[in-house]
Amino acid sequence: MCPECGEQCLSADRLKSHRTRKHGLRNRARLYISGSTCPLCLKEFHTRPRALYHVMYSKKVCFTLAAQNREPMPAAEARELDAADAAAARATRKSGLACG
């Protein structure tokens, strides 16, 4: 059940999707990654979305350390970066250079 509005969701994935779409909930890792390099292990990923994937799914220890040792960026700045990432992804798909 959604804690914000009480809507029943059949699975955790559906709840996560509902909260993102209806309530604007985003992964907190977005507040700690501003570029294409992981700020903790210093690995370069070439794009911010790839660095976010690393922090959110591959190396959760990096997110844990970032959350403990770094100040999060303002949510408005994270939204601007998200919008820029989305625009870059659209441009790549439109150019025909995207894989998959």
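## Exercise 1: The largest pocket

The largest pocket holds about 210 Å³ of space. A pocket here is an open set of points on a 1 Å grid over the protein atoms alone, where a 1.4 Å probe fits, with protein on both sides within 12 Å along at least five of seven lines. Its volume is the space filled by probe spheres set on the points, which are joined across faces, edges and corners.

Before starting, note that this is a predicted model, in which local features need pLDDT of at least 70 and side-chain atom pairs count only at pLDDT 80 or more, while totals for chains, interfaces and linings use all residues. Residues are numbered from 1 along each chain as its sequence is written, and side-chain values use heavy atoms, leaving out hydrogens and water.

**Task.** Find which residues line the largest pocket, and which element gives the largest share.

**Solution.** 
1. The lining (residues with an atom within 4 Å of a point) consists of Leu15, Lys16, Arg19, Thr20, Leu25, Arg26, Asn27, Arg30, Met56 and Tyr57.
2. Helix H1 (12-23) and H2 each give two or more residues to this lining; helices are DSSP runs (H or I) of at least four residues, numbered from the N terminus.
3. The largest share, four residues, comes from H1.

## Exercise 2: Arg30 and its surroundings

**Task.** Is Arg30 buried or exposed, and which residues does Arg30 contact?

**Solution.** 
1. Locate Arg30 in the loop between H1 and H2.
2. Arg30 counts as buried because its relative accessibility is 18%; buried means under 20% relative accessible area, exposed over 50% and partly exposed in between, with a 1.4 Å probe and protein chains only.
3. Setting aside neighbours within four places in sequence, Arg30 is in contact (heavy atoms within 4.5 Å) with Arg48, Leu52, Met73, Ala78 and Asp82.
4. Now compare Arg79, in helix H4 (residues 75-95): Arg79 is exposed because its relative accessible area is 55%.
5. Arg79 and Arg30 are 49 residues apart along the chain, and their C-alpha atoms are separated by 8.7 Å.

## Exercise 3: The largest nonpolar core

**Task.** How many residues make up the largest nonpolar core?

**Solution.** 
1. A nonpolar core is a set of buried Ala, Val, Leu, Ile, Met, Phe, Trp, Tyr and Cys residues joined through side-chain atoms within 4.5 Å.
2. Twelve residues make up the largest one, among them Cys38, Phe45, Val55 and Cys62.
3. Helix H2 (48-58) and helix H3 (60-69) each give two or more residues.
4. H2 provides the largest share, four residues.
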